Protein chains: 2
Amino acid sequence: MRSPTFSPLYQQIKALLLESLRSGEWRPGEAIPSELDLAARFKVSQGTVRKAIDELSAENLVVRRQGKGTFVATHGERQVRFRFLRLAPDSGEPVLVERQLLDFKRVRAGAEIARALDLKSGDPLVMIKRLLVFGGDPVVLEEVWLPGNLFKGLTPAAVTEHKGALYNLFETQFGTRMVRAEEKLKAVAADAASAGSLAVPAGHPLLAVERVSFTYSDRPVEWRRGLYKTDRHSTGASWGELVPRSNLSLGQRNQCAPAL
Amino acid sequence: MRSPTFSPLYQQIKALLLESLRSGEWRPGEAIPSELDLAARFKVSQGTVRKAIDELSAENLVVRRQGKGTFVATHGERQVRFRFLRLAPDSGEPVLVERQLLDFKRVRAGAEIARALDLKSGDPLVMIKRLLVFGGDPVVLEEVWLPGNLFKGLTPAAVTEHKGALYNLFETQFGTRMVRAEEKLKAVAADAASAGSLAVPAGHPLLAVERVSFTYSDRPVEWRRGLYKTDRHSTGASWGELVPRSNLSLGQRNQCAPAL
DNA sequence: GAGTGGTCTAGACCACTAG
DNA sequence: TAGTGGTCTAGACCACTCC
């Protein structure tokens, strides 16, 4: 017997759940139906639904809470799970972050960003330029580029007034949830303008982080370039072991700064 | 009924398997007993053993091969799984890597490295300093510090003659398998000596990567500091989605350079 | 107590590998 | 053909949350 296109049942269920997430049938923060309900809906056993949800949970698309239900993941809550590159102070405890909006404009896409965001040159874009200040110290200077059509109503005021990560704003106000990201890191010398914003001499070494963020179905919906002053902060990463250790209370080691 | 120390059966099984891995009962590359054998040994059902192995597999400690068995993971094979920070050329295809040993000595631990490796100041250490050259271009200058007691027979010749990643040498010759790592990244200016090795002017921006690697039971066994010339290469990271996608042939997106 | 996710079992069958 | 991992089921029971 040949079955060249064999796909396990639970993967098909997962795809269906993913489609419901993508379409917004269940919104961020809401509970999805119980495992038994879903099993009945799809006419499979609870175990099969369970395995599908296991994978969604491992990918941080949903969050299980024993006794309560399974919820669509959100960027609002304190998130140990969704791990973009994170910044931590070299010494001591984290300080408050302040976000200064430096620029906001709508422009037409150039070739590079168009390609990264799967758009055509000349398509409308939103550009946000801002400075992140930690305890009075300017640490990150970044530009964020978004597809203009997806963020039609986005205004400078909305960005300024919003408390919390941009990703939270994107998902609550525009229904676009970032699900995955790819980053490229380089060390660069500060140019005159960046140096000024970050209060360092021109030529000072900075960490340049290029990030493409994706929503469901691997659709790219954000391009970022950040310049990090790493004199008193480091970006940290942890490899090789998964974060959530189900039960077993072996003290958290992956303490994270909030995603920026 | 209270059960404050509740631990699922499969977690207990996992701990037993972990202990067998740690003790070397099954060596890297070897097959571990079949799921049915293990179920019989531990007097639990196959499903319970399976769930324990699921987690070990998710942590890249073992590798499953349908129809063949489950094998202790290894640093030798082409590894898509074990993902330390990876370096990729900005343009085009990867080139051959050449490793030049610059220094090798046995010294006593200072305070900083002693603390990182959970040793006492004055304990014996091995220090390896080397240069990684990609297609004729020196790109990484790094120092590796190891507990001297764990690597008693390690010689400069062994390092020089070994083909492949150091981690491969460590595991095949010294039975120490790196299982997890934590990294801190900074942008720094090249000092005179480093600049010379990397063929850049002094003050040139470099990416500094500090890494602590751990073996089983979270025991730290390596401290590294690397300086990366990122002019023509980037270090890449990918967040938010798990790598191995079981079946579903949706083209690999996490192409990796070899771990260094 | 009712409902949810979490664990565990026993057994059947499928897909893959190898002798 | 035998042995391995991979899928799926049905059902029982446990742990947690909320009313």
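Two strands count as paired if DSSP finds at least two bridges between them. The model examined here is predicted.

**Exercise 1.** Find the order of the strands in the open sheet of chain A, and say which strands stand at the edges.

*Solution.*
Step 1. Look at the pairing of β1(A): 2 bridges join this strand to β3(A), residues 69-72, and the two run antiparallel. Two bridges are what the cut-off for pairing asks for, at least two.
Step 2. Take one of the residues in this pairing: A:A31 has A:F71 as its bridge partner in β3(A).
Step 3. Write the order of the 3 strands, which is β1-β3-β2, with antiparallel pairing.
Step 4. Read off the edges. β1 (31-32) and β2 (62-65) of chain A each have a single partner strand, so each has one side without a neighbour in the sheet.

**Exercise 2.** Which helix of chain A lies across β1, β2 and β3, and at what angle does this helix run to β2(A)?

*Solution.*
Step 1. The helix is α3 of chain A, residues 46-58.
Step 2. Its angle to β2(A) is about 115 degrees.

**Exercise 3.** Trace the strand pairings of β3(B) and describe the hairpin that β3(B) forms with β2(B).

*Solution.*
Step 1. β1(B), residues 31-32, pairs with β3(B), residues 69-72, in the antiparallel sense over 2 bridges. Here B:A31 has B:F71 as its bridge partner.
Step 2. β2(B), residues 62-65, is joined to β3(B) by 4 bridges, again antiparallel. The bridge partner of B:R65 in β3(B) is B:G69.
Step 3. Between the strands of the hairpin lie 3 residues, and B:G67 takes a positive phi near 85 degrees.

Conventions
Residues numbered from 1 in each chain as written. Chains lettered and ligands numbered in written order. Predicted model: local features only at pLDDT ≥ 70, side-chain atom pairs only at ≥ 80, totals over all residues. Heavy atoms only, no water. Contact = heavy atoms within 4.5 Å. Axes fitted to C-alpha atoms, helices over the stretch in contact; angles between N-to-C directions.
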